[in-house]
Amino acid sequence: MPEEPLVDIQADTADTAPEEAGGASGSPSTSGSPGADTPPVARDLEAALETRTLSVDYDGDTAVSEISLSIPRNRIVAFIGPSGCGKSTFLRCLNRMNDLIPAANVSGEVLFRGKNLYDSDVDPVEVRRRIGMVFQKPNPFPKSIYENVAFGLRVNGYQGDLEERVETSLRAAALWDEVKDRLEDSALGLSGGQQQRLCIARALAVEPEILLMDEPASALDPIATGRIEDLIEDLKQDYTIVIVTHNMQQAARVSDLTAFLYMGELVEFGDTDRLFTNPREQRTEQYITGRFG
Amino acid sequence: MPKEHFDQQLDTLKQRLLDMSHGVEEQVAEAVALATRQESIEPEEILERDQEIDDEEVAIEETAIELLALHQPMAIDLRTIVTILKINNDLERVGDHAVNIAEAVLRLREKGEYPPVPPQLEEMNRLARGILRDALDAFVNLDAETARQLGARDDEVDALHESVFRVMLTHMLDEDISACLQMLLISRNIERIADHAVNIGEDVVYLVQGRTIRHTGGKDEEGEGGGRQRDGSPVSA
């Protein structure tokens, strides 16, 4: 895991993370309490990322409303909700991708190692290196397979063994065996599922701590989807993963914790097993049983 | 497939289970009537009807599995289908116990030796069938409170069964031992019917509240959980 600061963040702030929500139970809180000082959190788990009253509006139209929650380290957290509920907007806040959308106004805090990512002294490029992102549609560069993975390393001035890092990244993304004999071929010649795993390898190459995935398998067939889901499970050993998905079965299969968003609000957040079998909030129940509205 | 179709299929499945439960309840009533020599049908009829229950159990299970595979239901829908599968299995076993009672009566008839029917057996019959009926009513009405109380009522049935055991041991000194053993078997099967009814009650608690109370003496497996009725209203624990 990278130890260098996000510009001038304290060198080791992991244990300066805010006090987690009170109570003796070891299970996560299960309701979003917008505006609360104590975000829903898995209390016995170290937080990799935490939001506090995080809100986003697009030119005054609220997309995300005061969401406070904690994402535990080395866990997979899924965000579900109907189209337009704000889950992708929320995800993009976690590595400041919304900075690239001029109309987006973000307020509140995203705490990473105790540092608010939106502080003025934080370098958003470094944020995105530490918190990588994989998008809905595979978007390899029109370059060779090798160069796709090496690109981010070159941009970051990586001084180590490039070939070794490329291989390690491709192996981590479960793609190495399929491409090792054609690393110089164009990435655009790969199948959709392979392209998506290449994008994951590209994200992993710069050694992020957290991987954000926005509908990573929605453009893939069931076999490629299965491989991505297996990969996500494997990656949990080394990374914290936040995934946005329309596919509730996928959320149920791959995630440890699930958050349900509706109209920009966090309705419920808790253990995936429980949320999908016995949700506590009526709106969650209605959504996951298809009786919404 | 549209959601209404799923709801319709689920309602149909529930109705099939309830229809089957009526058949099973009837089987139990007829079997115990045979055992207490108040019969209105012959034991062979109970054996024949059991095949219909077995066939229906398989059909309900297949439909439930089909719904799981095609719709991948969640939350209350998932719990409903899982509960139907489990109750279906318990009802089939209750039907088997009715058959066991009928077979014991057949053996008694073959020997021509009838030991005296212990009075506790009548009470066991009343209690066990009451628990079964209330368990099924709790399923229909999503009544977790009634379902939770069935275990305590089953304790009474267990106590009566022990009492029958002692009575029949005494009878064995004077009566045909094999005939007394058949009467004990009948008592044992009634006691097991009550156990299955309690299982159904536990399944109803899971259905309504999402809580597992099996093997916990009626207490929750987890200290947490706030289940709700299907209409979303809170359920008090």
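**View 1. An open sheet of four strands in chain A.** In chain A of this predicted model, four strands are arranged as an open sheet in the order E2-E1-E4-E5, and their pairing is antiparallel. The edges are formed by strand E2 (61-72) and strand E5 (115-116) of chain A, each of which pairs on one side only.

**View 2. The pairing of E4(A) with E5(A).** Strand E4 (residues 104-112) of chain A is joined to E5(A) by two bridges, and the two strands run antiparallel. At this pairing, A:Phe112 is the residue that stands opposite A:Lys115 in E5(A).

**View 3. The setting of the sheet within chain A.** Chain A as a whole contains 10 helices and 10 strands, and 54% of its 293 residues count as buried. When contacts in chain A are taken between residues at least 6 apart in sequence, 68% of them join residues at least 24 apart.

**View 4. The packing of helix H1 against helix H4 in chain B.** Helix H1 (residues 3-35) of chain B and helix H4 (residues 119-141) of chain B have axes that come within 11 Å and cross at roughly 175 degrees. Because angles over 145 degrees count as roughly antiparallel, this crossing makes H1(B) roughly antiparallel to H4(B). On the side of H1(B), the contact is made by B:Lys14, B:Leu17, B:Leu18, B:Ser21, B:Glu25, B:Val28, B:Ala29 and B:Val32. From H4(B), the residues that take part are B:Asn125, B:Arg129, B:Leu132, B:Arg133, B:Leu136, B:Phe139 and B:Val140. Sorted by class, the contact of H1(B) with H4(B) comprises nine nonpolar, two polar and four charged residues.

View 5. Chain B has seven helices and zero strands, so that, when the chain is read along its sequence, the pattern is α-α-α-α-α-α-α. Along the principal axes, the C-alpha atoms of chain B fill a box of roughly 65 × 40 × 20 Å. The radius of gyration of chain B is 20 Å, which agrees with the value near 18 Å that a compact globule of 237 residues would have. Of these 237 residues of chain B, 48% count as buried. Among contacts in chain B between residues at least 6 apart in sequence, those that join residues at least 24 apart make up 78%.

Note on methods
Residues are numbered from 1 along each chain as its sequence is written. Chains are lettered from A and ligands numbered from 1 in the order in which they are written. This is a predicted model: local features need pLDDT of at least 70, side-chain atom pairs count only at pLDDT 80 or more; totals for chains, interfaces and linings use all residues. Side-chain values use heavy atoms; hydrogens and water are left out. Axes are lines fitted to C-alpha atoms, for helices over the stretch in contact, and angles run from 0 to 180 degrees between N-to-C directions. Angles under 35 degrees count as roughly parallel, over 145 as roughly antiparallel, 65 to 115 as roughly perpendicular and the rest as oblique. Contact means heavy atoms within 4.5 Å. Ala, Val, Leu, Ile, Met, Phe, Trp, Tyr, Cys and Pro count as nonpolar, Asp, Glu, Lys and Arg as charged, and the others, Gly among them, as polar. Two strands pair if DSSP finds at least two bridges between them. The radius of gyration is taken over C-alpha atoms; the globule rule is 2.2 Å times the number of residues to the power 0.38. Buried means under 20% relative accessible area, exposed over 50%, partly exposed in between (1.4 Å probe, protein chains only).
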